[in-house]
Structure formats: structure tokens, C-alpha cells
Amino acid sequence: MLDRFFQSIFVSKWFRTEKYQQFLLFSFLILTSIINFLLCETIYFQPLHSADQLYSPLVILDVFSGKGIKHWYFPPSPYFFPDLVLMSVLYFLIPFLYLPTVYGMVQMGFVTLGIYWVLNEFLSKHQSLLFLFYFQTFIIIFSVLSSLLNDNPLPFVYFFTNAHHSTGFFFSFFLVSVLGFNLRKQNWGVYGNKRNLILRLFFYWIGFSILYLSDRYSFCIGFLCFMTVYHFEIRKKNSRRLPKVLGWKLNFIILMFLLLNELTFYGIKHTLQIPNSFGILLKSLSDKSADRIFFLSYTYLFDVSKHIFYQNGSLLLLISFCLFTVSKFPFRIRILLLTLIPVLLLLLIVVGRFTYLHPYPIRYLFPIWFLCFLGLSWFLQTVCNRFPISLIFASFALWILVLSSFPKPRQAVAESFLTVTKQKVSYDFEKPIRFWSEGKKEPFPIDNQGKPYRWITGAFHTP
């Protein structure tokens, strides 16, 4: 009955024509942007405006106010691209205090367009839009659920954050997808000659290089995704497979890429104050036996799993859904999940336990949640492919009304930091005070012993 009511002759004949698909997509983007803005201003406001997340806007503020960036102690991944580039553009378009929120909204807009573009290679535009509807609905439902369950931390905030690997991962995933399509089309003879392919590969080299220099973690995940899919695609017997590159050529390209970019990163690291991650890791492991490393690794994973079990109910529910439906996921997503789960757990141990000592760095597992949402959205798009378009927009309008009623802590948070008068404060207070005062206040970050705290901070305490 609902299908007959909503899918009228007007909708089926007018909205499903190719002429009006762009209108539907534009309307979809407007509604989802409002929803994502409200998510960032309500459920995700606190984590989006925490000390770690305010790194990017404060770097941009120092750049454009003339203070420069050499006094900054940068993180191991400086997030120069695309995070700081996009933040720079937004800096001139919106009020400074809304940068984290609008960044999250714009980032998800680009992710939506990227997914839509990729899906058009496999599905019709109507099916692609339906996929996006399920994807966005999952984000909303699990966001609300994680808030109701008081999850700590809120695991799905990383769809909206800047400077915490998510933007780099989205960018690498998009680059990998487009590269795969172009290689396949070249194999079909769509682009005609090798000159076009070489030009395109040059642009990919540039794209992956700036990603590598900005966030090596995201680059590694993107590279692993490409090599995993490439390994299985070249084994296909049909004409739609990827072209096979000779092993020595591929290895030479990879080695040259890593060598050139490591040399570039070495120069950047010595110009700016960026920590040597590999040096810290080797120093951490040098005084530990193999048995000790193994013991610390599995106890760390055990503690992380306990944290998820007791304080991340929404993640447990997501994983449960995926276990029952994973056989219906697209083959590539299943392969990537099976590949990334052990790899990301290994990176979690290496970075979180032996390099920078994070008690619970859930952000390193973020690609798994993203692929789970993609797989579940694909499953529902194939099972419930007659879901009325009109009802999609009606449901989004309802979500806007619901999220509009959620408490908005912006004013209270701003006042709490602006009233701090101490000149020496902890790391958690230093960047929020600078942010909410728009750079007018410049407190000095100290650690528990009262010494200068030189970790991802822009306070002027360079020796």
C-alpha cells in the first residue's frame, strides 16, 4: 500500500528519468548536509571540539594571521592534504568557530558524491541513490544509538573528524577506486592509447604522494586496499579484469615511490618539528624481549576488546548485523574486510601500544566501520530495492526535526573555556582556549610535572 501511495505515476515517470536524477541527487545532498550539520552540532559536538580535533583550525588560524607554523610541534601525520587544504578554503567562507562542524558536513558531502560516482560504474542512478539513502540512514541510527548507550568514545564520529586519518582514508579509497576503473577501461581500449594512461598515472602519482606526505597511515590502508583487489582482479578469466603489470615493474614503481617520498618527508621533518615515528618505535622495542612484546600485544588487544564490549554497544550491534549479512556483501568488500581486520589490529598494536601509547585508539579501526556500512547498504539496496523515493525524503525531513530537538552545547562549551584565566594549563585546555578565543588568548601547555608539553601544540615555547 505504501509503495502504491508514494510511487505514483508522477514519481515513477517524472523522477526516474535521467533528466531529473541530478535534481534528486542535489535534493539528497541538501537534506543530508543539514542532517550531518545537526549531528556535528549535537551528538558529536564535544569530540569534534576536543583538543586533538582543534589542531587543524588552529594551524590555519596561525597561517593566515601571520604567525606562521614553525613554532608548532606537529603530529607524526601532519595532515597537510586534504585536511588542511579543505580547512583553508573553508576559513575564508565561514565563521572561524564553525570550522570543525562545517568541515564534517562538507567532508561527508564529498564522501557521498564519491560513493555515488563509484556506484554508477555498477548500478543505475536510481539504485545508487537508494544505496546512499541506506548508508546515510545507518550513520544517523548508529550515531543516535551510540549517544543513547553512552559509548566512550563515540565510534562513528570519525566520519566527520579532521586530522585523525578519516579524511585521508576517504581520499585514498577514492583514488584507489578511480585508478582501478581507469586501468580496467584502458584494458578494454576505452582510452585508446598509452599516452592518456601515462598522463593519468602521473596525476595518481602526485595524488598518492601528497597523501603519503600528509598521512602515511591512510596511504598504507589505501595501498593495501588496491593491492588486495588487484591481486584478485588479475586472476579473473574474463575480459573485465584489471591488466596485469609485470612483477619487476610493479616492484620498481613501488620502491621508487617510497624512496622519493621518504626523502621528501625527511626534508619536511627536519624543517618542521615532526616526530620520527620509526625511531620512537625502534627505541620502544629495543629494550623488550620477544616474549615481552608478545605478552604486551595480546594483553593490549584483550583490554581493547573489553573496552568495546563494555563501552561500545553500538559497535557490537554493527558487528552482529555484519556477521549475519556478510555473505551478501560485494566480493571486493568481503575481501577488504578479511584483509584489513588483521592488518588494522596489527597497526593498532604497533602504534597504540609501542609507539605513541594510546589507551584506546579506536580511530585506527575506522576503515572497518566504513566498509561495514558499505556492505550493509549494498545488502539492503538489493533486498529492499523498491523503497519509495518520496519516503526517503520524508524520512530525512523527520530526522531533521528529531535532531533539531537535541541539546546544542556550543554556547555552554564556549563560555566554560573563555572563563579560564590561568596562563599555564593542561593540553586538554590549551587548544580549546585558543580556539574559542579565536587566538586572542594563548595559554601555555604543561604536563603533570609542570614542564612544557610539546605534543601537537602551537603554543610559543620553541626553545
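Helix 8 is followed by N150, whose phi is positive, near 55°; helices here are DSSP runs of H or I with at least four residues, numbered from the N terminus. The model is predicted, so that local features need pLDDT of at least 70 and side-chain atom pairs count only at pLDDT 80 or more, while totals for chains, interfaces and linings use all residues. Residues are numbered from 1 along each chain as its sequence is written, and side-chain values use heavy atoms, with hydrogens and water left out.

The end C-alpha atoms of helix 8 are 35 Å apart, which agrees with the 34 Å that its 24 residues should span at 1.5 Å a residue; the expected span is 1.5 Å times one less than the number of residues. Of these 24 residues, 18 are buried, and the helix is thus mostly covered. Buried denotes under 20% relative accessible area, exposed over 50%, and partly exposed in between (1.4 Å probe, protein chains only).

The largest nonpolar core comprises 81 residues, of which F135, F159, L318 and F370 touch the most other members. Helix 8 (residues 125-148) gives the most to this core, with twelve residues. A nonpolar core is a set of buried Ala, Val, Leu, Ile, Met, Phe, Trp, Tyr and Cys residues joined through side-chain atoms within 4.5 Å. A second, separate core has 53 residues, including L58, V176, Y212 and I456. Beyond its neighbours within four places in sequence, L318 is in contact (heavy atoms within 4.5 Å) with F142, F156, W369, C372, F373 and L376.

Across the whole structure, 53 aromatic pairs are found. Rings of Phe, Tyr and Trp (its six-membered ring) pair if their centres lie within 6.5 Å, with planes under 30 degrees apart counted as stacked, over 60 as edge-to-face and the rest as tilted. The pair of Y91 and F92 is edge-to-face, because the ring centres are 5.4 Å apart and the planes stand at 90°. Y91 is partly exposed, at 21% relative accessible area, whereas F92 is exposed, at 58%. F169 and F173 form a tilted pair, 5.7 Å centre to centre with 40° between the planes. Both residues of this pair, F169 and F173, are buried, and they lie four residues apart in helix 9 (residues 166-188), about one turn of the helix. One aromatic cluster includes F169 and F173 together with, among others, F135, F142, F159 and F370.

Notes. Helices (H or I, at least four residues) and strands (E, at least two) are DSSP runs, numbered from the N terminus.
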